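Here is a friendly walk through one protein model, written for someone who likes to know the cut-offs behind each term. Please keep the viewer open as you read.

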Amino acid sequence: LENAFVTVKDYAPFDGDDCNADDAAKPRQETRYVVVNGTATVIGRTWTCYTRLTRNGYAAIRKESWRASAPDAQLNDPLNAYSYEITYADTGVGTPLLMRGAVAESLDENGILTVNSCSLDGNVLTCETRKFTQPSTFNSSPISHLSYLTIEQDATYGNVLRRMERLTENDTVVSAEQSTYD
């Protein structure tokens, strides 16, 4: 191509990847190019590693990503941007349908950690979401945001039964919503 944006995907797992057959069709490296007058120039690269684990007793997948800090950066470059996401597996004995593929935990490139804890009691799935910042040069301990969110859903149909946002400091309810269904 004479003028284009091109993405080349490589599916070969690298060290640390579980090489699970269910992940075989997921790219492990993506290299992005801009082509001008037939000359290709690397403009970005991302590496991804998949590992299987158990989260809260359910099958889960950890997807780690490193985005290159420069066009010529390699995977082990300490300046690369790092992020990860742990999701419940799409299949798994005993994993509630509403949790399949749902994010259990994630860390974005800016250091914001989001933790979603879920529990099943009878036919009610309760999920609580909390966000934290990573320690920095200004603060040595993780800080929770000012509030956190709790959502209760009917585990069979996914209907939201209750949604509450509370202050982290003293559990004071800031907003609440309750629904009933026929």
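## About the model

This is a predicted model, in which local features need pLDDT of at least 70, side-chain atom pairs count only at pLDDT 80 or more, and totals for chains, interfaces and linings use all residues. Residues are numbered from 1 along each chain as its sequence is written, and side-chain values use heavy atoms, with hydrogens and water left out.

## Strands and their pairing

Strands are DSSP runs of E with at least two residues, numbered from the N terminus, and two of them pair if DSSP finds at least two bridges between them. Together they make a hairpin with two residues between the strands, and Asn56 in the turn has a positive phi of about 55°. Across this pairing, Thr54 stands opposite Ala59 in β4.

β4 also pairs with β5, again in the antiparallel sense, through eight bridges. Here Ser65 faces Ser83 in β5.

## The nonpolar core

A nonpolar core is a set of buried Ala, Val, Leu, Ile, Met, Phe, Trp, Tyr and Cys residues joined through side-chain atoms within 4.5 Å. Buried means under 20% relative accessible area, exposed means over 50%, and partly exposed lies in between (1.4 Å probe, protein chains only). The largest such core has twelve residues, among them Tyr58, Tyr84, Met99, Leu113 and Cys127. At least two core residues come from each of β4, β5, β6 (103-107), β7 (112-121) and β8 (124-133). β5 gives the most, with three.

## The largest pocket

On a 1 Å grid over the protein atoms alone, a pocket is an open set of points where a 1.4 Å probe fits, with protein on both sides within 12 Å along at least five of seven lines; lining residues have an atom within 4 Å of a point. Volume is the space filled by probe spheres set on the points, which are joined across faces, edges and corners. The largest pocket has a volume of about 200 Å³. It is lined by 14 residues, and those closest to its centre are Lys26, Ile61, Thr87, Ala89 and Asp90.

β3 (39-55), β4 (58-67) and β5 (81-88) are the elements that give two or more residues to this lining, and β5 gives the most, with three. By type, the lining has four nonpolar, three polar and seven charged residues. In that count, Ala, Val, Leu, Ile, Met, Phe, Trp, Tyr, Cys and Pro are nonpolar, Asp, Glu, Lys and Arg are charged, and the others, Gly among them, are polar.

## Salt bridges

Side chains of opposite charge can pair when their charged atoms come close. The whole structure holds seven salt bridges, each a side-chain nitrogen of Lys or Arg within 4 Å of a carboxyl oxygen of Asp or Glu. In one of them, Arg28 meets Asp17 at 2.7 Å, N to O. These two residues are eleven apart, both in the loop between β1 (4-10) and β2 (29-36), and both are buried.

Asp23 bridges to Lys26, with the closest N and O atoms 2.9 Å apart. Asp23 is buried at 0% relative accessible area, whereas Lys26 is partly exposed at 26%. Another bridge joins Arg62 to Glu64 at 3.8 Å, N to O. Arg62 is partly exposed at 22%, while Glu64 is buried at 16%. Shared partners also link Asp23, Lys26 and Arg52 into one salt-bridge network.

Terms used: Helix = DSSP H or I, 4+ residues; strand = E, 2+ residues; numbered from the N terminus.
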